[in-house]
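Please keep the sequence at hand while reading.

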Amino acid sequence: METRESISITVHGIVQGVGFRPFVFRLANSLGLGGTVINDGNGVQIMLCGPPEILEEFVRRLPQEAPPVARIASITTKQVQSSKEPSQFTIEHSAQEGKATVQITPDIALCSDCLSEINDPKNRRHRYPFTNCTNCGPRFTIIKKVPYDRPNTSMAEFPMCPGCEREYHDPMDRRFHAQPNACPVCGPSLRWHDHTGEQIKADDCLHAAAEALSQGNIVAIKGLGGFHLAADAYSKEAVALLRHRKNRPAKPLAVMAKDLATAQAFCEVSEQEQPMLTSPEHPIVLLKYRTGLAANIAPNVAPNIGEVGVMLPYTPLHALLLAEPSCPEALVMTSGNAAGMPICIDNDDALSRLSGMADFFLLHNRDIVTRVDDSVVRVIGDRVQLIRRARGYAPVSLALKHPCRELLACGAAMKNTFCIVRNSEAYVSQHIGELTSLECFDFYQESIEHLKEALQFTPDKFAVDLHPDYISSRYGQNQQKPWTQVQHHHAHVGAVMAEHGLDQPVLGVILDGTGFGGDGSIFGGEIYRAERNRFERKGHLSQFMLPGGDKAAQEPWRMALSLLYAGYGGKGLEKAFLPAPLKAVNDQELELIGQMLQKNLNTYPSSSCGRLFDGIAALIGLCQRVSYEGQAAMQLEYLASQHFNKQPPKNSLINEGYQPIITNSTNQLTIDTSDLIHQVMADIKANSAPGMIALRFHGWLIRAITAVLAQLREQTAINTVTLSGGCMHNRILLSGLSETLTSQGFEVFSGELFPVNDGGIALGQAYIGGAGAADQLTLEIDREEE
Ligand code: ZN
Ligand code: ZN
Ligand code: FE
């Protein structure tokens, strides 16, 4: 008789709710192996019996052929003694099935099998906009509570028809245990409404929506995680109308292109970017805009920044709409919300709140339980950088490599996310956004409750930002539980440390907008010596003033004046001295800013790198007022890159940069910004091209940071560098710094799956707030003496 062995295989990772057991079943059957598969608290358990070489083949093929949505963290195999050999392979059900120890899967883009079905006139799901299977479809957005079973989702009100029921129970079917399984007979359906909310009779809602879009209308479309406002991306008028109605004059709008070829027609798609566009997550990918094309998307989609956010259809509804012959091949798809409000998810809510913005509504009757925005990613070199982490990514957890206490980290006030650490896994929420309105704060609290419920977790400890006025800080401090404060930029470093499993001291570079420093000033151009439970400010940009506080962030011309004042004192503000673009500032305003700066009224000292970008952009006449965060900096980056492409410097970009001056006072290295202004002004007086000044400024920053790090390495013997903060979205800066530092032997890390901007703050708070054993952490903040 041939030898037979029994083995048990444990698979960890995202292996539940993704069709893993049927896959195991099919693989075992195809190899003629008997045994069982069962979900347990941590993953999937497989028992197998058969000839050793066949078992080996099974183990080899398991990770290779796993379902596309599965994420295998580990596979452990061990030999076992089996009393009785199983004659066949069966899927077993465990008592604790669906317990909260398993990963909650994110929403996954339409798979190719489902796409073929909806395009097949002979298939029963032909043109059905809610088609899904275990490899694709809604998950996180429809789950009310665990276990993840249909009655606990918003599909509960759609009892399956016999056809769907059969698929659901057939282990050989792609829809075995697909909780949202549906078809035209039993599942959700579309409706078509006018802007007053009146339902319009339409034979085909998708056709009606395509027609309306082709005629320049704005259509509110209920999607997967919320509403979009859609418009023809090729029509300047339609885009202008949408901008006008949404009161969004310049902020870039995302585009959904019919397919990859359509996207490639108006932007460059690199080898690294293409797989991102078509990945199961289907995020918005920021792509370089092709210029000088005759047939192109309208220039007002994403003005003055040289790139545009593009995604491909990720639900059958979107795919069918864009495939309509009359539909524009690219649609602007922006979140359906009023300014400062969260994205609408509810039909009635949308009909009332978006009625002034949309001409028509394409609705459906599958409820969205949790709001999830589109994710935004950028590819820099061969690295992916998540800028907004939401649909497709949240709430996939990060396995922390070092011990971390269980807690809830409350996040920042802008680009908010929160984070739950449970059982050494960090669950960072979907992007919540700005906590500026009561409605947004409601969304924040609802999302916390939702994730707590989904994870069956009750936090008894909180981590919050040091900023006393952040609404998220107050939330955490009001829970009647212990809380830990984490300084904003320390959290920025912590996020990168958590993502890359760093536990050793690092040199953390944080180039950011604003963050509460702890010494009364606003930080934002910092170099820390950081560990998980402490940090020391070792270097920073020299301070300048923010005249008018928050206003300074909206009006870069104020920052330009402040920089001139820092460089030249009162003389810098004399009308005759001002560079041409600032001569437009009227006398009254000039006088007012002068008073503020000279008498120190309503101005705040700051080392913010973001504000330095703003000031330089205003000095060279690029941008005097911004209508969205980061606008001036993005335009400055684009200007610099255009100049670089037109006239690549003979030397490297770095040598092209202005020479930085670094001084050492009270054990802190200070990068002299007033000397920078002297160099910029000399270039302006010499009529140098603004693009060259922009490029030299980037070079200056890279040189300055590199020089500070080199000195700190001498001093501390630390060779590991983290790069984070919102300014690290700048391609020139991030790749320039990475390359220069790597060439000097530094080990460099930055945020990839978790944003370097404030969207990563919660993860950093969790990692830092959860370090060590002490209940309250002492954070050492060196006070600045200047
Ligand atoms: Zn599918
Ligand atoms: Zn059905
Ligand atoms: Fe920040």
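A residue is called buried under 20% relative accessible area, exposed over 50% and partly exposed in between, with a 1.4 Å probe and protein chains only. The model is predicted, so local features need pLDDT of at least 70 and side-chain atom pairs pLDDT 80 or more, while totals for chains, interfaces and linings use all residues. Residues are numbered from 1 along each chain, chains are lettered from A and ligands numbered from 1 as written, and side-chain values use heavy atoms without hydrogens or water.

Donors are N, O and S atoms within 2.8 Å of the metal (3.2 Å for Na, K and Ca); water is not among the atoms, so sites may look incomplete.

| Metal ion | Protein donors | Distance |
|---|---|---|
| zinc ion (ligand 1) | Cys111 (SG), Cys114 (SG), Cys133 (SG), Cys136 (SG) | 2.3 to 2.4 Å |
| iron ion (ligand 3) | His488 (NE2), His492 (NE2), Asp512 (OD), Asp758 (OD) | 2.0 to 2.2 Å |

Four donors count as tetrahedral if all angles lie between 85 and 135 degrees; four count as square planar and six as octahedral if opposite donors are over 155 degrees apart and all others between 65 and 115, and anything else is irregular. The zinc ion (ligand 1) is tetrahedral because its four donor atoms subtend angles of 103 to 119 degrees. Its donor residues follow the spacing C-x2-C-x18-C-x2-C. Cys111 counts as buried because its relative accessibility is 12%, and Cys114, at 0%, is buried too.

The site of the iron ion (ligand 3) is irregular, with angles of 89 to 164 degrees among its four donor atoms. Both Asp512 and Asp758 are buried.
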